[in-house]
Amino acid sequence: MASYIRQKPPSWFVPIAVLLVVWGVAGCTTLYLHIAFGPALDPNATDWDRAYYAALPLWLTLVYAVAVGGGLLGSLALLTRSRMAVPLYILSLAAVIVQFGYLFGATDLIAHEGVVAAMAFPAFIAVVGIFQIWFAKRAERRGWIS
């Protein structure tokens with residue numbers, strides 16, 4: 001079916017889209033907590049945690065905002081069956097790659113936390129980002145979004 005012909009999505013489309021919206025809201029909430037409280041939110045924050053947070057550049061927070069904001073807007077676009085979901089999800093994943101690329105490549109996060117502890121959740125975030133793009137492209141190809 002051509003993507004310009006709008007088709008009714010299957011019954012499981014909306015629950016997945018809602019789940020992705022919830023994921024986006026959770027990401028935006030963590031961004032807010034990161035900006036508003038930083039390491040002060042964690043009662044177990046060490047001197048290293050405070051120094052690490054203080055050394056993060058402002059542009060990285062902006063990239064973080066693009067990552068979570070793009071993901072949330074992409075999910076809302078998906079839920080409203082807009083084809084804007086695809087480019088928004090691609091923008092979000094690109095920002096995730098820049099964000100974690102900087103954190104892993106330009107800081108001593110891995111040396112301090114260990115590979116598994118430092119990379120497990122970011123890897124999960126990237127997998128969700130890849131799934132979002134795949135799902136939105138599939139929805140577009142099947143005419144569920146236009």
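**A serine and its surroundings**

Modeller: Start with S75, which counts as buried because its relative accessibility is 0%. Buried means under 20% relative accessible area, exposed means over 50%, and partly exposed lies in between, with a 1.4 Å probe and protein chains only. Keep in mind that this is a predicted model: local features need pLDDT of at least 70, side-chain atom pairs count only at pLDDT 80 or more, and totals for chains, interfaces and linings use all residues. Residues are numbered from 1 along each chain as its sequence is written, and side-chain values use heavy atoms, with hydrogens and water left out.

S75 sits in helix α3. Helices are DSSP runs of H or I with at least four residues, strands are runs of E with at least two, and the numbering starts at the N terminus. What does S75 touch, if residues up to four places away in sequence are not counted? The answer is L20, V21, Y89 and Q132. A contact here means heavy atoms within 4.5 Å. Look up where these partners fall. Helix α1 covers 13-36, helix α4 covers 85-106 and helix α6 covers 115-141.

Stay on helix α3, which covers 58-79. V63 lies in this helix too. At 15% relative accessibility, V63 counts as buried. Leaving out residues up to four places away in sequence, V63 touches A95, V98 and Q99.

A95 belongs to helix α4. A95 is also buried, at 7% relative accessibility. V63, V66 and A67 are what A95 touches, again without residues up to four places away in sequence. From A95 to G69 the C-alpha separation is 10 Å, and the two are 26 residues apart along the chain.

Next, follow the chain out of helix α3. The loop between α3 and α4 holds R81. R81 has a phi near 65°, a positive value in a residue other than glycine. S82 is in the loop between α3 and α4 as well. S82 touches A77, I145 and S146, residues up to four places away in sequence not counted. C-alpha to C-alpha, S82 and A136 are 9.4 Å apart in space, yet 54 residues apart in sequence.

Now step back to the whole chain. The protein chain has six helices and zero strands. From the N terminus the order is α-α-α-α-α-α. The C-alpha trace spans about 55 × 25 × 25 Å along its principal axes. P10 is in the segment before α1. At 23% relative accessibility, P10 counts as partly exposed. P10 and A106 are 96 residues apart along the chain, and their C-alpha atoms are separated by 44 Å.

Of the 146 residues in the protein chain, 38% are buried. Take the contacts with a separation of 6 or more: residues 24 or more positions apart account for 77% of them. The chain exposes about 8,300 Å², with carbon and sulfur atoms supplying 72% of that area. Accessible areas come from the Shrake-Rupley method with a 1.4 Å probe, and for residues only the protein chains shown count as cover.

The largest pocket has a volume of about 1,200 Å³. Of the 40 residues lining this pocket, H34, Y64, Q99, F100 and L103 are the closest to its centre. A pocket is an open set of points on a 1 Å grid over the protein atoms alone, where a 1.4 Å probe fits, with protein on both sides within 12 Å along at least five of seven lines; lining residues have an atom within 4 Å of a point. Grid points are joined across faces, edges and corners, and the volume is the space filled by probe spheres set on the points. Helices α1, α2 (47-55), α3, α4, α5 (109-113) and α6 each supply at least two residues of the lining. Q99, named beside the pocket centre, is also one of the residues that V63 touches.
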